[in-house]
Amino acid sequence: MKRITHWIDGKPFIGDAERHGKVFNPSTGAQSGEVDFASVAEVDAAVAAAKAAFPAWRATSLAKRTATLFALRELVVAHAGELGDLIVSEHGKVKSDAAGEVARGLDVVEFACGIAQLLKGEFSENASTGVNVHSLRQPLGVVAGITPFNFPVMVPMWMFPLAIATGNTFVLKPSEKDPSASILLAELVAEAGVPNGVFNVVQGDRVAVDRILTHPDIAAVSFVGSTAVARYIYETAAREGKRVQALGGAKNHMVVLPDADLADAAEAAVSAGFGSAGERCMAASVLVAVGGCGDELVERIKARVARLTVGPGTDAASEMGPLVTSEHRDKVASYLGIGEGEGASVAIDGREPKIAGDPNGFWLGPCLIDNVTEDMKVYTDEIFGPVLSLVRVDTLDDALGLIDRNGYGNGAAIFTGDGGAAQRFETEVDAGMVGINVAIPVPVAYFSFGGWNSSLFGDLHVYGPDGVRFYTRGKAVTSRWQNIGQHHSSLNFPSSAPSGQSAAGGK
Ligand code: NAD
């Protein structure tokens with residue numbers, strides 16, 4: 001049985017493994033490995049390594065840090081297939097989708113290669129006579145990332161490339177459901193020339209998370225996962241005086257206006273609703289049919305789903321893989337019965353899917369629940385599986401109101417041929433990421449990713465310019481190299497106002 005353990009101070013760290021978890025291949029249902037769960041002492045060892053590595057790493061020149069990031073970029077490209085295979089084997093998504101995940105993580109490494117430009121400060125000459133002011137951004141110290149199962153490569157890469165590029169050292173706590181990719185990432189980071197201790201991985205569960213949240217030497221925590229845990233992370237880490245960004249769950253609405261290209265919209269709904277078996281925080285989970293276009297959408301979605309191949313991620317013909325665990329599959333499937341009990345109708349039932357694969361896999365085919373209303377549990381809960389709910393409304397106003405009243409606010413999309421409606425949607429919709437005729441509006445790496453409301457606790461989004469801000473703190477320096485020795489003649493508060501005496505004695 002494969003054993004997956006920690007990575008501390010540039011090498012694998014075999015812990016006491018008093019506690020461990022099971023890792024499964026979701027396509028076969030068989031256990032494929034065992035992952036160590038870190039104790040408090042093991043988290044402390046990782047943080048100690050990161051703390052020890054920080055002074056030298058923050059003093060490493062931008063040129064050298066940039067060179068290691070370029071090397072990491074090459075290594076991720078060279079090992080993209082291997083990373084993808086690990087994702088497929090423990091998460092279950094199909095190979096082409098796993099390749100997309102690796103590519104989106106790589107985008108952030110490429111953005112981080114421009115760190116020299118991104119870290120440039122500002123300078124004002126002669127703010128007061130002979131007095132110059134400049135600003136700089138400095139790293140925080142040891143920072144941590146806690147990540148979910150659904151993107152075992154991409155979400156860690158939303159965090160650590162910028163965290164280390166800006167001069168911090170990093171401790172990653174990946175999901176215990178698909179931990180292997182984190183160790184390959186650690187090997188690549190080491191091979192790229194990042195010094196020992198700059199990047200560490202602790203595997204585990206709540207014990208490891210709680211130690212991260214309260215460890216006095218951790219300055220900041222980035223979290224991505226479900227809303228309940230995100231709220232807990234935000235509250236706990238903030239109380240401990242840490243900087244926090246905690247991204248939570250989602251219920252993304254895809255609004256279709258009757259003037260949209262309905263064939264295109266139906267294809268997009270199938271892709272965004274059932275891709276990665278709906279286990280994406282940016283998956284479309286509520287389809288909002290405006291002004292009577294619902295029936296045609298249902299028919300088109302049914303026709304597409306009839307041709308959709310569900311099977312193991314290793315099979316090139318598979319378009320959708322299994323769910324991550326049998327418990328999660330059962331929970332997701334239970335929403336069909338819940339929806340029927342609430343008065344909705346099951347238009348596509350995926351509970352007995354035809355699979356070209358091992359029947360013991362954690363399978364659930366695409367599901368469409370029609371006539372869903374706002375009060376139903378299938379509408380209010382994040383289901384996080386291949387279950388699309390269809391809500392029918394009369395107007396764009398109704399659709400905007402629906403999204404506004406929903407507690408989440410990650411992504412929202414509109415499909416329309418009307419630029420005015422799209423512009424209104426962009427302005428008024430209550431969500432952090434908006435798609436216009438784009439169903440999964442995940443921003444490119446040089447923008448930042450983040451939702452609103454219960455989809456993000458904290459001020460700054462991840463990666464892009466917000467990522468640079470999150471992992472650095474500002475400093476403003478006022479300096480004088482002229483008239484040194486000239487005595488200050490006033491005890492007034494320093495000012496550069498013409499009548500006052502400035503801090504530096506200038507006027
Ligand atoms: P999760 O919240 O169960 O787990 C996320 C991380 O928190 C894991 O590392 C896990 O070990 C840890 N954890 C779980 N329960 C904990 C607890 N009680 N106390 C402390 N730590 C705990 O999420 P998941 O099931 O791995 O991932 C799916 C969720 O993540 C979905 O809700 C999805 O919407 C969300 N997600 C959000 C985004 C986003 O960008 N907003 C991106 C990806 C996933």
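Helix H10, residues 262-274, has 13 residues and reaches 18 Å from its first C-alpha to its last, close to the 18 Å expected at 1.5 Å a residue. The expected span of a helix is 1.5 Å times one less than its number of residues. Helices here are DSSP runs of H or I with at least four residues, strands are runs of E with at least two, and both are numbered from the N terminus.

Before going on, the ground rules. This is a predicted model, in which local features need pLDDT of at least 70, side-chain atom pairs count only at pLDDT 80 or more, and totals for chains, interfaces and linings use all residues. Residues are numbered from 1 along each chain as its sequence is written, and side-chain values use heavy atoms, with hydrogens and water left out.

Back to H10. Its buried residues are Leu-262, Ala-265, Ala-266, Ala-268, Ala-269, Val-270, Ala-272, Gly-273 and Phe-274. Buried means under 20% relative accessible area, exposed over 50%, and partly exposed in between, with a 1.4 Å probe and protein chains only. What covers the buried residues of H10 includes strands S13 (252-256), S14 (284-290), S16 (367-370), S17 (387-393) and S18 (411-415), and also helix H11 (294-306). Contact means heavy atoms within 4.5 Å.

Next, helix H7, residues 180-191. H7 has 12 residues and reaches 17 Å from first C-alpha to last, close to the 16 Å expected at 1.5 Å a residue. Nine of the 12 residues of H7 are buried, so H7 is largely enclosed by the rest of the structure. Among them are Ile-183, Leu-184, Leu-185, Leu-188 and Val-189. Gly-193, which follows H7, has a positive phi, near 100°.

How does H7 pack against helix H3, residues 80-90, and at what angle? The two pack at about 165°, with their axes 9 Å apart. Axes are lines fitted to C-alpha atoms, for helices over the stretch in contact, and angles run from 0 to 180 degrees between N-to-C directions. H3 and H7 are therefore roughly antiparallel to each other; angles over 145 degrees count as that, under 35 as roughly parallel, 65 to 115 as roughly perpendicular and the rest as oblique. From H3, the contact is made by Glu-82, Leu-83, Leu-86 and Glu-90, and from H7 by Ser-180, Ala-181, Leu-184, Leu-185 and Leu-188. By class, the contact of H3 with H7 has six nonpolar, one polar and two charged residues. Ala, Val, Leu, Ile, Met, Phe, Trp, Tyr, Cys and Pro count as nonpolar, Asp, Glu, Lys and Arg as charged, and the others, Gly among them, as polar.

Staying with H3, Ile-87 lies in this helix and is buried, with a relative accessible area of 0%. Not counting residues up to four places away in sequence, Ile-87 touches Gly-92, Lys-93, Ala-98, Glu-101, Val-102, Pro-152 and Val-153. The C-alpha atoms of Ile-87 and Gly-313 are separated by 9.4 Å, and the two residues are 226 apart along the chain.

Last, two residues other than glycine with positive phi. Asn-371, with phi near 55°, lies in the loop between S16 and helix H13 (377-380). Asn-371 counts as partly exposed, at 38% relative accessibility. Tyr-463, with phi near 45°, is found in the loop between strand S20 (456-457) and helix H16 (464-470). Is Tyr-463 buried or exposed? Tyr-463 is buried, with a relative accessible area of 2%.
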